[in-house]
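This briefing covers a predicted model. The points are grouped by topic and are meant to be read beside the sequence and the structure.

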Amino acid sequence: MWLLLLLGALLWGGLWLLRDRLVLPPADAFVFITGCDSGFGRHLALRLDRRGFRVLAACLTPLGAENLKRAASPRLCTTLLDVTDPQNIQRVAEWVGTLVGKKGLFGLVNNAGVAGIIGPTPWLTLEDYRKVLEVNTLGPIGVTLALLPCLKQAQGRIVNITSVLGRLAANGGGYCVSKFGLEAFSDSLRRDIAPFGVRVSIVEPGFFRTSVTSLESVEGALQASWERLPPATQASYGDSFLPKYLKVQRLIMNLICDGDLGKVSSCLEHALTARYPRTRYSPGWDAKLLWLPASYLPASLVDAVLNCVLPKPAQMVC
């Protein structure tokens, strides 16, 4: 009995691996990527460009676009896009429609994102959350809705980059909230547009070293948040709280953050080129071995572990 179960499991695993490695025939398909100034977006744009794709790379700054153009082939086209500006999104969607023509848009990768302030929730304002949600959640939604007609035309692919922190909120701030929201949008979108032949995948990276998650930007944002707190609130946390909190953040970033962006780009490429793309990808050892398993544990256990790691306020209630 057990032998038959083992053989069945091995057969299923082998067939799944074979199916997972089936790729679409090579083609000069159009792929639109947001947030290509640096990080995952730039890395993927250059990777797909080398493979012969017609990459349409959206950058936030002219400098980012110029640097990308210099590193790519003449096939790659760039445009400026602020995903928080609906009019800018509409203009870019029209630009994409003109370029792809009747061929349609085969791939959309929603990569643009910001970290915002990562720290204790009582330190934050509604505006802090709004800034992150506009980029990380409402931005991808707006871009996707604007480009859906082109994607339906090509029966293409949509790949949304979320995070393991969209499965487990390990810290306060708008980042986790925004990624949870993008996960929900991706799930509903996948079911709603499947009848039109458009596939949706989610890539949930672990901690990687990108401009979004640079230690300097994270620490600077948290320091600014602390300085605007009322004196009474600062006193309730104590003078030593912020240095300890920054020390924990620095330790986690240095121990866990992976510098190999290719691990994420390979998942994005698979989602775009595989005949049967996966619903979810989790690049990074910490995603597979730490965050995803932790997301299935009882909340009380996860809370206890995180509370042991993070510093305690000076005036805490026992």
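I33 has A57 in β2 as its bridge partner. Strands β1 (residues 30-33) and β2 (residues 54-59) run parallel and are joined by four bridges. The coordinates are those of a predicted model.

**The sheet**

- V31 is also paired across to β2, where its bridge partner is V55.
- The side chains of β1 point two ways: F30 and F32 to one side, V31 and I33 to the other. All four of these residues are buried.
- Strands β1 and β2 belong to an open sheet of seven strands with parallel pairing. The strand order is β3-β2-β1-β4-β5-β6-β7.
- At the edges stand β3 (77-80) and β7, and each has a single partner strand, so one side of each is left without a neighbour in the sheet.

**Helices packed on the sheet**

- Helix α5 (residues 126-154) packs on the sheet and touches β1, β4 (107-110) and β5 (157-161). The direction of α5 makes about 180° with that of β4.
- Helix α10 (residues 262-273) also packs on the sheet, where it touches β1, β4, β5, β6 (199-203) and β7. The direction of α10 makes about 155° with that of β5.
- The loop between α5 and β5 contains Q155. Q155 is a residue other than glycine with a positive phi, near 50°.

- S265 is a residue of helix α10. Its relative accessible area is 0%, under the 20% cut-off, so S265 counts as buried.
- Beyond its neighbours within four places in sequence, S265 is in contact with F40, H43, L44 and R47.
- R47, one of these partners, lies in helix α2 (residues 39-50). R47 is partly exposed, with a relative accessible area of 23%.
- Not counting residues up to four places away in sequence, R47 touches G262, S265, S266 and E269.
- The C-alpha atoms of R47 and A72 are 9.3 Å apart in space, while the two residues are 25 residues apart in sequence.

**Salt bridges**

- How many salt bridges does the count come to? The count is 13.
- One of them is formed by the side chains of E183 and R280, at 2.8 Å from N to O. This pair links distant parts of the chain, 97 residues apart: E183 is in helix α6 (residues 174-193) and R280 is in strand β7 (residues 280-281).
- D187 has 18% relative accessibility and counts as buried, because the cut-off for buried is under 20%.
- In the salt bridge between D258 and K263, the closest N and O atoms are 2.5 Å apart. D258 is buried, with a relative accessible area of 12%, and K263 is partly exposed, with 34%.
- Salt bridges that share partners join R167, E183, D187, R190, E204 and R280 into one network.

**Nonpolar surface patch**

- Which residues make the nonpolar surface patch of about 540 Å²? The patch is made by L3, L4, L6, L7 and L10.
- L6, one of the patch residues, lies in helix α1 (residues 2-20). L6 counts as partly exposed, with 48% relative accessibility.

Methods
Residues are numbered from 1 along each chain as its sequence is written. This is a predicted model: local features need pLDDT of at least 70, side-chain atom pairs count only at pLDDT 80 or more; totals for chains, interfaces and linings use all residues. Side-chain values use heavy atoms; hydrogens and water are left out. A salt bridge is a side-chain nitrogen of Lys or Arg within 4 Å of a carboxyl oxygen of Asp or Glu. Helices (H or I, at least four residues) and strands (E, at least two) are DSSP runs, numbered from the N terminus. Buried means under 20% relative accessible area, exposed over 50%, partly exposed in between (1.4 Å probe, protein chains only). Two strands pair if DSSP finds at least two bridges between them. Contact means heavy atoms within 4.5 Å. Axes are lines fitted to C-alpha atoms, for helices over the stretch in contact, and angles run from 0 to 180 degrees between N-to-C directions. Patches are made of residues with over 30% relative accessible area and no salt bridge: like charges are joined within 9 Å, nonpolar side chains (Val, Leu, Ile, Met, Phe, Trp, Tyr) within 5 Å. Accessible areas come from the Shrake-Rupley method with a 1.4 Å probe; for residues, only the protein chains shown count as cover.
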